[in-house]
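Welcome! Take a moment to look over the chain below before reading on.

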Amino acid sequence: MVSVVHSLPDSGIDEATLNRLAAGLADEGVDRLVEAIGYAREVYGESIIGTGETAFGHALGTTLILASLNLDLDSRVAALLFAAPDHLEDPRETMTARWGGAVADLVDRLSRLKHLRPLTLATAQSAQGVQAQAEIMRKMLMALAADIRVVLVRLASRTQTLRWYADHDTPERADIARESQQIYAPLANRLGVWQIKWEIEDLSFRFVDPATYKRIAKMLDEKRLERESFITDAIARLKDELAKSGVTHAEVQGRPKHIYRIWNKMRQKHLEFDQVYDVRALRIILDSVRDCYTALGIVHALWQPIHGEFDDYISHPKGNHYRSLHTAVMDEEGRALEVQIRTQEMHQHAEMGVAAHWRYKETGTSAKADSAYDDKIAWLRQLLSWRDEITDSAVWVEQFKRAALDDTIYVMTPQGRVIDLAKGATPVDFAYRVHTDLGHRCRGAKVDGHLVPLNTPLQSGQQVEITVAKSGGPSRDWLSATQGYLATSRARTKVKAWFAAQQEAQMLAEGRAFVLRELQRDGAAQANHEDLAHKLGFKHTNDLFLAAARGEVGMRAIQIALRGETAPTEPEPEIQTHVAKAEPGSSGQILVVGMDKLLTQLGSCCKPVPPDAIAGFVTRGRGVSVHRIECQNFRNMAARNPERVIDAQWGGKQESIYACDIYVEATDRQGLLRDISDVLSKEKVNVTAVKTQSKVGVARMAFTVELGSSAQLLRILTVLGEVPGVSRVQRA
């Protein structure tokens, strides 16, 4: 770029600094940047920010770093005006009118990130769950930014802060350094902003553990410039030998290892300093695998290989599919050099794929991560790699905005813990995410100190406080899709489980009362319940009580078991009943043969629908329970108490609605439940209950629907079988 000379009265900025600030900008961009510098100087005056640095000095330092990254004009202007909202009465309108909506948006988002400072500091100082919380904080920073340029400005700002601390020893700089290590360095790593990552790591290490930093620095027997000179010479020598061997397309990269990375490797692998062979490192990127092995031979011919320090991850890839050749060599003066050799495809995979550097370097493991988040990171890193070609391009800026991590929201507890939730989650979802019991007893919520309805969608960065009852459980209204109390399947499953447990507890109480009553009537109140359950074919007493509540165990079965006999369990005896089929057009009433005005109810176990063949079973106190003839529960009860079986048939002319269970098995995919629900809705079928389970790519679903006849049931089974992915549909 041509040298630019502009008048900046009282700014203290020389021509060289201005040229660095405006690097890569067109003339009109330079004029606008100069205007922003003057405006920032006027607004800030001599004001001091929280670290002790002047606001204007921090703004200039941050902008210089962004210029070195070739970031666009709006980003540089926003960095210069980062603290303007603290000095303006109506910052949003003032900024928009003077600098445009794009800059105003960036400055506004930077201000929002400033509110995270207490939280990120608390995360860095916490001893519990530091890694997990730091990970969520990194995601939260990116989600709150929406425009990822805001994160880059924030990273540049933190780098400038650490640079200032290098010359100013303050009590808080160690805490800031820990926060930088745990939040900002890994974030820069993920975005591929290597120069910022390395500088943050080294400066933070220097402040957190100055003694170790000085010890490592002293052990380096040469200055950094001398090491860099060694790398430069090694690259030139290697390129020359590769060209002589016919390998013309070779990219050779190298840099001396930073002090923090040296210490980290010594600590993780329990090595002494002289055992760290990658203090100086080269990476060779080639076109083909054949060229990789050719380059390996050249490296070993130029320098002496170190025994035991060769790994062939091309022939034998790592578990995360990482491929490369690693070797360590020694030069004529005894200086170690690590060399990595790979193809462009392998390099792309290592940087963007499942073997990406940040996945195993940050955690020491190739543990699974959120795939959607990983894809976003890969996309962002691609965008960053294009910035040198299309800096200040509206296309690049728009792509960056679209790449924002907006899939997940991040909210905070009053104690500062960060909770990640699906977009659209409510305070009830939040409560269940924190703790199941908190969700069950949730009765109200405050968001940022204000009371809100429980079905209010939450936004990233909000603080949520839950009001709870001393006892009680969830409301059935929470399960209503139309009222919007629950947006996450996790919370919905927990609510359903609570109601299922309550129903089972009620049935247990009813069954226990029935068994105790029958034992007292038979004069055996002191009988052993476990022995009784075993005699009746049940493993546990609760199984006996549940069966009694469902009418599967009657008085006669208990009496037989008490006399020392084994109750019949095989439901094979044929039921001698006369069952009439419904006449055409008949539905609704159930006629019990030989009886009038007798209370009847459909068996919940088999849910008969006209014109199913049915029979009745006389229960105690609940009238006649009507079942399908093939119902296994009915056969068991009939085998134990055949005298209580009576004939029944469908009768009457009025139309009725009957509950029916349908079982669906399908290949699990996104939108499967929606497609099935659409089919049932088009058929005007009311669904009263749904139970789903997905395992190893197979989804199993049970629907309870309301039907008018078996003809309608047959049609429903047919149309459900036509849904893509459905492999089996049957009546349960």
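## The chain as a whole

A contact here means heavy atoms within 4.5 Å. Counting contacts in the protein chain with a separation of 6 or more, 68% come from residues 24 or more positions apart. The model you are looking at is predicted.

The protein chain has 732 residues, and 48% of them count as buried. Its secondary structure comes to 28 helices and 20 strands.

Let's now visit one sheet. Strands of a sheet pair through backbone hydrogen bonds, either parallel or antiparallel. Here four strands form an open sheet with antiparallel pairing, in the order β18-β19-β17-β20. At its edges are β18 (686-695) and β20 (726-731), each of which pairs on one side only. From one strand to the next, the twist averages 15 degrees.

How many bridges join β18 to β19? There are nine, and the two strands run antiparallel, with β19 covering residues 698-707.

Helix α27 (residues 672-682) lies across β17 (658-667), β18 and β19, and runs at about 20 degrees to β19. Helix α28 (residues 710-721) also packs on the sheet, where it touches β17, β19 and β20. The direction of α28 makes about 170 degrees with that of β20.

Definitions and conventions. Residues are numbered from 1 along each chain as its sequence is written. This is a predicted model: local features need pLDDT of at least 70, side-chain atom pairs count only at pLDDT 80 or more; totals for chains, interfaces and linings use all residues. Side-chain values use heavy atoms; hydrogens and water are left out. Buried means under 20% relative accessible area, exposed over 50%, partly exposed in between (1.4 Å probe, protein chains only). Two strands pair if DSSP finds at least two bridges between them. Axes are lines fitted to C-alpha atoms, for helices over the stretch in contact, and angles run from 0 to 180 degrees between N-to-C directions.
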